[in-house]
Amino acid sequence: MDTRADDRPLSEQSDADSSLARVVRWEDLTAWPLFAAAVVMLGASTWVVAVQDSSVLARAAAALVAVLLWLGFIADYLVRLAIAGAARREFVRSRVFELVTLVLPFIRPLLIVVYVWRLPVFRYGSPAKQRIRYMVTLTLFTLMFVYLASWAVWLVERNAAGATILSFDDALFWGFTTITTVGYGNLVPITALGRIIAVGLMLGGLVVIGVTSATVVSALTDRIRQAASHEPPARPTRRERSE
């Protein structure tokens, strides 16, 4: 019986490939609605956490919206898992980050990164479009990374004696000044855990800057190479014209 490198029969591999193709078609159909839902969920979650002076009814409504959307994301994952059929192991392996964001509530803002990566407008296309896909994804990941770090520092610092980060707005401002290496110094974590989170944000900022710089340099290199390949032919010398 013929087998491939993974030692599965060709018939099983064909079934798995067709199942994954159905999953991709489902993801193409649901990418935009789920991306919009992820943005709405982020806004609702932020409202619940940060807007402390809002009414109890408004916060309860925002919490209900966030929970319902969260359940919708879980249902979408289970539907795709069922569609995957014989390729369920490959489906889980290739989408492990999405599974983690669904299981761990405190990193749920990263769902926005997951769904923007799945948008059909970015999934298919030329190398230039794929580079845009990476840049958009990296930008959103950076924003969500700062959001999560700021939220974590705020939770740790807000009740500490002598703390300077007392509101979520302060935490967000501190997060962006930290990852951009500005660091005004008027907002600083004072607890041990808060400083550990700050170091993680600083290291993450170095990685983001490095990846962004490499992507920009790569894009410029490609543009220069394309321009060089379309150079007009060299003009003949005076001797060549006389001949």
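Guide: We will take confidence, salt bridges, the nonpolar core, aromatic pairs and one glycine in turn.

Visitor: Before I look at any side chain, how confident is the model?

Guide: This is a predicted model, so the place to begin is pLDDT, the predictor's confidence in each residue. The average for this protein is 81, and 85% of the residues score at least 70. Among the elements, H2 has the highest mean pLDDT, 92, while helix H10 (residues 238-242) has the lowest, 56. Over residues 1-5 the value is below 50, although this stretch still has 9 contacts in the model beyond near neighbours in sequence.

Visitor: What should I do with the low-scoring parts?

Guide: Where pLDDT is low, the predicted coordinates should not be read in detail.

Visitor: Now the charged side chains. How many salt bridges are there in the whole structure?

Guide: The idea is to look for a side-chain nitrogen of Lys or Arg within 4 Å of a carboxyl oxygen of Asp or Glu. A search of the whole structure gives 7 salt bridges. One of them joins Asp-76 and Arg-80, with the closest N and O atoms 3.0 Å apart. These two residues are 4 residues apart in helix H2 (residues 56-84), so about one helical turn separates them. Asp-76 and Arg-80 are both buried.

Visitor: Where do Arg-93 and Glu-90 lie, and are they buried or exposed?

Guide: Both are in helix H3 (residues 88-94), 3 residues apart, again about one turn of the helix. For accessibility, the cut-off for exposed is over 50%. Arg-93 has 55% relative accessibility, so it counts as exposed. Glu-90, at 32%, counts as partly exposed.

Visitor: Which salt bridge links distant parts of the chain?

Guide: Look at Arg-118 and Glu-98, whose side chains meet in a salt bridge at 3.5 Å, N to O. Arg-118 is in the loop between helix H5 (111-117) and helix H6 (120-123), and Glu-98 is in helix H4 (residues 96-103), 20 residues away in the chain. Both Arg-118 and Glu-98 are buried.

Visitor: How do I read the nonpolar interior?

Guide: In soluble globular proteins, nonpolar side chains tend to be buried together. Here the largest nonpolar core has 44 residues, and those with the most contacts inside it are Phe-35, Phe-73, Leu-111, Ile-112, Tyr-115 and Trp-174. Helix H1 (10-50), H2, H5, helix H7 (127-157), helix H8 (168-179) and helix H9 (192-229) each supply at least two residues of this core. H1 gives the most, with 10 residues.

Visitor: Which residues is Phe-73 in contact with, leaving aside neighbours within four places in sequence?

Guide: They are Leu-34, Ala-37, Ala-38, Met-41, Leu-102, Leu-111 and Tyr-115.

Visitor: And the rings: how many aromatic pairs does the structure hold?

Guide: There are 7 aromatic pairs. For each pair, check the distance between ring centres and the angle between planes; planes over 60 degrees apart count as edge-to-face. Tyr-147 and Phe-168 have ring centres 5.6 Å apart and planes at 75°, so this pair is edge-to-face. Tyr-147 lies in helix H7 and Phe-168 in helix H8, so the pair ties together parts 21 residues apart in sequence. Both residues are buried. Trp-154 and Phe-168 are also edge-to-face, because their planes are at 70°, with centres 5.8 Å apart. That pair links helix H7 to helix H8 as well, across 14 residues. Trp-154, like Phe-168, is buried. Tyr-147, Trp-154 and Phe-168 form one aromatic cluster.

Visitor: Which charged ends sit over rings?

Guide: The charged end of Arg-158 sits over the ring of Trp-154, 4.6 Å from its centre. Likewise, the charged end of Arg-133 is over the ring of Trp-117, at 3.6 Å from the centre.

Visitor: Last one: where does Gly-194 lie?

Guide: Gly-194 is in helix H9, and it is buried, with a relative accessible area of 0%. Beyond its neighbours within four places in sequence, Gly-194 is in contact with Val-153, Val-156, Glu-157 and Pro-189. Gly-194 and Trp-154 are 40 residues apart in sequence, and their C-alpha atoms are 8.3 Å apart in space.

Key:
Residues are numbered from 1 along each chain as its sequence is written. This is a predicted model: local features need pLDDT of at least 70, side-chain atom pairs count only at pLDDT 80 or more; totals for chains, interfaces and linings use all residues. Side-chain values use heavy atoms; hydrogens and water are left out. Buried means under 20% relative accessible area, exposed over 50%, partly exposed in between (1.4 Å probe, protein chains only). A nonpolar core is a set of buried Ala, Val, Leu, Ile, Met, Phe, Trp, Tyr and Cys residues joined through side-chain atoms within 4.5 Å. Contact means heavy atoms within 4.5 Å. Rings of Phe, Tyr and Trp (its six-membered ring) pair if their centres lie within 6.5 Å; planes under 30 degrees apart count as stacked, over 60 as edge-to-face and the rest as tilted. A charge sits over a ring if NZ of Lys or CZ of Arg is within 6 Å of the ring centre and within 35 degrees of the ring normal. pLDDT is the predictor's confidence in each residue, from 0 to 100.
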